[in-house]
Amino acid sequence: MGTPSDRGIATARGGRKRGRPAVGRAPRALLAGAALSLFVLALPGCTPRAPSGRTVVFWQFSPLADIRPILSKFEAENPGITVQVEQLTWQSGREKIVTSIAAGRPPDLCELGSTFLPGLVADSTLLDLTSMATVLRDSLVGWNIVTDHGRAYALPWMLGTRALYLNDDLFRRAGLDPANPPATWAELRHAAREIATKIPDAKGFGMNAGEREILFKKFMPFAWGNGGDILDPTGTRSVMGSRQNIEALRFYLSLKPYSLLDRQEMHEQAFQKGRLGMIISGPWLLRTLPETAPDLHFSVALMPRPSAERGTSASFAGAEVLGIFRTAKNKEDAQRLARFLVRPENTMPLFLATGNAFPAATSAQADAYFSSHPLDRVFLTQIRTAVAPPLHPRWVEIEEIVNAELEEAIYGAKTPEAALDDANRRIAAALTREP
Amino acid sequence: MRHGARPLGVLPWTLAFLFFGLLPLAYALGLSLLEFNPLRPDRVQWLGLGNYVDALRSPSFWRALRTTAIFVVGTLPVTLTLAYGVAALLARARRAESFFRAAIFFPATLSMVVIALVFKSLYAEEGLFNSWLAAGGLSRVHFLQDARLALPSIMAMDIWASIGYYAILILAGRKTLPDDQLEAARLEGLSTWEVERRIVFPHVKPVLLFVVLLNTIRSFQIFIEVFVLTRGGPLESTLTLVYHLYDRAFYHFEMGYASALAFLLLLFVGVILVVQRRFLGARAEVGR
């Protein structure tokens, strides 16, 4: 960075020539330093752009070592376009994205968690990608996650869901057969009770507590499986206080005496140490458990349904989608890159490298990998009946209300009926306010 | 030093303060009078003092203020007392004084995020503290999942992390006390306790006042600990004012409202500091 420093010193010297008070050696150095600092700070961004050609700025969450080979392939296929990639973290990515939009300098293409979408869509921040979606509709799944009133605001890229993990050894020690995992609510409760009561120092089920923000993802699968929901199909009325939801919450809380009440990461640690019979978690555990707990025998099952005769095996549907902001500088190349990234030959390597979410590309889901990996296949099956939260303009507020009232019920501060009634009333009030 | 050098010497700091202190402050003050969603800059609305009125009417604001006040009131005297005690012990150390000073100061060199992550593991059901309880035949404690224990657990961590820094400040204050004054007091037959009470304590009172003010400001700003450990839960038992502000700003995109919360916080801290300074400052002067 020779040029800025040269300029900085020149500015300081120029000042003296114009007859300003003479300063000693040290203050002059300070002045030069200040000028240099200001010049460097005034530079428009510190990240280098391609000297010629076009640049697409792409923010995403995968490790750079995993995504870079795919982007290099894109650059080879599109000479003259350089991808400037940056890795976000799930802890602070949302803040960084919001700040960049507010500053008028968003990335051209951005990976977004599906839970970010409602707020961004409500605020008309994202480019309408319906025309691109029309072309890609048959080659991708997960459109419901990115579609609002028939318009698509992102492309489904990777899909995720949660399923039920079982500790096979604890099942056997409790006299249960892990080959016949709990398929109904009653079987789930029975298994949790047997493990918690027959095996010292073990708990039957992992119930989330101490992290309010994920409670709806853990409880709603039971409600959805029982025919319940948060809003009616029109999205204009709260149905949170429905009989189906109350039944589901009563059942969920009936697991509490046999459960470990803790945060998700603690559940996963306890499961890894062989002290937890069942947890609801995502496919990332399939990659980490063989390394962190090589002696642990575990299996994965679909989420239990209310009974053998009724309901569905529902789970939470998450997705990592690709969105383009309306104020992005290079929308055209961003669309080109998005179309490239969702292709099956590009999503499969990313899935194999990260293992956290599955390709949204339909043909990738038929990849031979899944035939030889039955545990991954369970997740693919679970995705088919997984439910995504609605793309509602007031979703952030609704989610907060649901989480808060569920927490009250889990901590025993309210009965299931009172908690869901209060949630219903608060959501109804929120729906009447202007977004 | 020549007269012209002084203003130039403070120029870098003045410019930095102007650009990174005053300008953002003025910008935030402007924002606090608006309804401003950063994702919809086209929908800015003038509210005047509306955000302030909304905040003062909001139960969440008062709950967050109450939690923050409990945190300040709970940590300040304990931190101050322990820091004073540690400084007194360090002052008497005859061997390996540098080692003890460095060891006590060590937590101050760590990032609060790192400290909070370590304590998250220590407080876990399978963590070290629970293994000690289990070894003692006691039942496990849900430090961060129990609504009654979460805030005290964070306060305990914060006290541990702060003591060293304040102890070194107080120790520095003690070191300015001339040895011959202490020697004379001892020759006059004053006991260790009397020397501490009548000579040392009055001498370090200005430093203690500084520690009180500094710790009050820091405690009102508590955020990282809550963000890493509890996210305001369970049952909002650890929802502090700055975490509430962050939640409104970055999850609800209510930048105007969040800015109003920041200025209310500034107002509260300012009032408390003035009261503390008047009360303790006067006593510190009397003590000298």
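A nonpolar core is a set of buried Ala, Val, Leu, Ile, Met, Phe, Trp, Tyr and Cys residues joined through C-beta atoms within 7 Å. A residue is buried if 20 or more other C-beta atoms lie within 10 Å of its own, exposed if 12 or fewer, and partly exposed in between, with C-beta atoms placed from the backbone. This is a predicted model, in which local features need pLDDT of at least 70 and side-chain atom pairs count only at pLDDT 80 or more, while totals for chains, interfaces and linings use all residues. Residues are numbered from 1 along each chain as its sequence is written, chains are lettered from A, and ligands are numbered from 1, in the order in which they are written.

## Cores

The largest nonpolar core has 153 residues. Those with the most contacts inside this core are A:Leu117, A:Ala154, A:Leu155 and A:Val321. At least three of its residues come from each of domain 1 and domain 2 of chain A. A second, separate core has 19 residues, including B:Tyr84 and B:Leu209. In soluble globular proteins, nonpolar side chains tend to be buried together.

Two residues are in contact if their C-beta atoms, placed from the backbone, lie within 7 Å. Leaving aside residues up to four places away in sequence, A:Ala154 touches A:Leu112, A:Leu117, A:Leu126, A:Leu129, A:Val146, A:Val321, A:Leu322 and A:Gly323.

## Chain A and its domains

Helices (H or I, at least four residues) and strands (E, at least two) are DSSP runs, numbered from the N terminus. Chain A has 20 helices and 14 strands. Of its 435 residues, 45% are buried. Among contacts in chain A with a separation of 6 or more, 73% are between residues 24 or more positions apart.

Domain bounds come from an automatic or database domain assignment. For chain A this gives domain 1 (54-160 + 317-387) and domain 2 (163-310 + 390-432). The centres of the two domains, taken over C-alpha atoms, are separated by 28 Å. Across the boundary, 17 residues of domain 1 of chain A are in contact with 16 residues of domain 2 of chain A. On the domain 1 side, the elements that give two or more residues are α5 (117-122), β4 (147-148) and α18 (374-384) of chain A. Of these, α18(A) gives the most, with six residues.

Strand β12 (residues 315-323) of chain A is mostly covered, since nine of its nine residues are buried. Two strands pair if DSSP finds at least two bridges between them.

| Partner strand | Sense | Bridges |
|---|---|---|
| β3 (residues 109-113) of chain A | antiparallel | four |
| β6 (residues 155-161) of chain A | antiparallel | six |
| β14 (residues 386-387) of chain A | parallel | two |

The bridge partner of A:Leu112 in β12(A) is A:Val321. A:Met158 stands opposite A:Glu320 in β12(A), and A:Ser315 stands opposite A:Ala386 in β14(A).

## A five-stranded sheet

Five strands of chain A form an open sheet with mixed pairing, in the order β9-β8-β10-β7-β11. β9 (259-262) and β11 (298-301) of chain A stand at the edges with a single partner strand each, so one side of each is left without a neighbour in the sheet. On average, neighbouring strands of this sheet are turned by 25° against each other, direction ignored. Within the sheet, β7 (residues 163-167) and β10 (residues 276-281) of chain A pair in the antiparallel sense over four bridges. A:Leu166 has A:Met278 as its bridge partner in β10(A).

## A helix pair

Two packed helices are described by the angle between their axes and the distance between the axes. Axes are lines fitted to C-alpha atoms, for helices over the stretch in contact, and angles run from 0 to 180 degrees between N-to-C directions. The axes of α10 (residues 215-225) and α19 (residues 395-410) of chain A come within 9 Å and cross at roughly 80°. That makes α10(A) roughly perpendicular to α19(A), a term for angles of 65 to 115 degrees. On α10(A), the contact is made by A:Leu215, A:Phe216 and A:Phe219.

## Backbone details

A:Asp201 has a positive phi of about 65° although it is not a glycine. A:Asp201 is in the loop between α9 (185-198) and β8 (203-208) of chain A, and is exposed, with 8 other C-beta atoms within 10 Å. In chain B, a cis peptide bond with omega of about -10° joins B:Gly233 and B:Pro234.

Technical notes. Parallel < 35°, antiparallel > 145°, perpendicular 65-115°, else oblique.
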